[in-house]
Amino acid sequence: MQNNIKKIRAAVFISGRGSNMESLIKASKNYEFPASISLVITNNSLAPGIQLAKNYNIPIKIFDKNKLNKLQFESSAQKILLNFKIEMICLAGFMQILSKKFLEDWKNKIINIHPSYLPNNKGLNAQKQALDEKADFTGCTVHFVNEEIDNGK
């Protein structure tokens, strides 16, 4: 029996395959999951994840990183996020560092999926870093985004 839980309206930002986005979409179908995926935004017009979002009938906004600078992207994204009444953003393989202003506008409302056990292996190529250092184990961390790369709680 479903209860009437109000779900957080979430947007997912992607740059690539969209595998983490797809996991979030599938999880959001469970009535106990606290968010509904209401929008997908990408900065890569060639991202394979675009088709995945379309397959799930999730509205998607496509920006071409080669045609927009960071300020233009963030300004456009902000308008769309507000239009869709988004309450939280999940960065799922989103390969762009967001500006201080954008982070302030969305303080404590942006989470990132990072493919390592932070604080180890921050930044790009986390799995390669773990292999190079012969780590005994590795995994995945979800954290709140702040101004320092892969540093939030």
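## K7 and its surroundings

Beyond its neighbours within four places in sequence, K7 is in contact with S28, N30, Y31, F33, P34, A35, S36 and E87. This is a predicted model, and K7 sits in the segment before β1. Is K7 buried or exposed? Its relative accessibility is 18%, so K7 counts as buried; the cut-off for buried is under 20%.

The side chain of K7 has two backbone oxygens to note. The backbone oxygen of S28 is 2.7 Å from a polar atom of that side chain. The backbone oxygen of F33 is 3.1 Å from a polar atom of the K7 side chain. E32 is 25 residues from K7 along the chain, and the C-alpha atoms of the two are separated by 9.0 Å.

## The chain as a whole

The chain holds five helices and six strands. Read from the N terminus, the order of elements is β-α-β-α-β-α-β-α-β-α-β. The chain has 153 residues, and 39% of them are buried.

How much of the contact joins residues at least 24 apart? Among contacts between residues at least 6 apart in sequence, the share is 60%.

## Helix α1

Helix α1 covers residues 19–28. Its buried residues are M21, L24, I25 and S28. These residues take up an arc of only 100 degrees around the axis, so they lie on the same side of α1.

## Helix α3

Helix α3 runs over residues 70–83, which is 14 residues. At 1.5 Å a residue, it should span 20 Å. The C-alpha atoms at its ends are 20 Å apart, so the model agrees with that span.

Which residues of α3 are buried? They are F73, E74, A77, Q78, I80 and L81. The cover over these buried residues includes four strands: β1 (8–14), β2 (35–42), β3 (60–62) and β4 (88–92). Helix α4 (100–105) is also part of that cover.

Both ends of α3 have a feature to look at. After α3 comes K85, whose phi is positive, near 55 degrees.

## Aromatic rings

A pair of aromatic rings is described by the distance of the centres and the angle of the planes. The count of aromatic pairs comes to six. One of them is F13 with F73: the ring centres are 6.2 Å apart and the planes are at 80 degrees, so the pair is edge-to-face. F13 belongs to strand β1 and F73 to helix α3, so this pair ties together parts that are 60 residues apart in sequence. F13 and F73 are both buried.

F73 also pairs with F63. That pair is edge-to-face, with 5.2 Å centre to centre and 85 degrees between the planes. F63 is in the loop between β3 and α3, while F73 is in helix α3, so the pair ties together parts ten residues apart in sequence. F63 has 6% relative accessibility and so counts as buried. For F73 the relative accessible area is 2%, so F73 is buried.

Ring pairs join F13, F63, F73, F94, F102 and W106 into a cluster. A charged residue meets one of these rings: K61 lies over the face of F63, at 5.3 Å from the ring centre.

## I41 in strand β2

I41 is part of strand β2. Its relative accessible area is 0%, so I41 is buried. Which residues does I41 contact, leaving aside its neighbours within four places in sequence? They are V12, F13, I14, K61, F63, F73, A77 and L81. Along the chain, I41 and A53 are twelve residues apart, and their C-alpha atoms are separated by 9.7 Å.

## S15 in a loop

S15 sits in the loop between β1 and α1. With 9% relative accessibility, S15 counts as buried because the cut-off is under 20%. Its side chain and that of N43 are joined by a polar contact of 2.7 Å. Not counting residues up to four places away in sequence, S15 touches T42, N43, N44, A47, G93, F94 and M95. F94 is also in the ring cluster.

Conventions: Residues numbered from 1 in each chain as written. Predicted model: local features only at pLDDT ≥ 70, side-chain atom pairs only at ≥ 80, totals over all residues. Heavy atoms only, no water. Helix = DSSP H or I, 4+ residues; strand = E, 2+ residues; numbered from the N terminus. Expected span 1.5 Å × (residues − 1). Buried < 20%, exposed > 50% of the residue type's maximum accessible area, 1.4 Å probe, protein only. Contact = heavy atoms within 4.5 Å. Polar contact = N/O pair within 3.5 Å; in protein donor to acceptor, adjacent residues only side chain to side chain. Phe/Tyr/Trp six-rings, centres within 6.5 Å; stacked < 30°, edge-to-face > 60°. Lys NZ or Arg CZ within 6 Å of the ring centre and 35° of its normal. Arc of directions from axis to C-beta.
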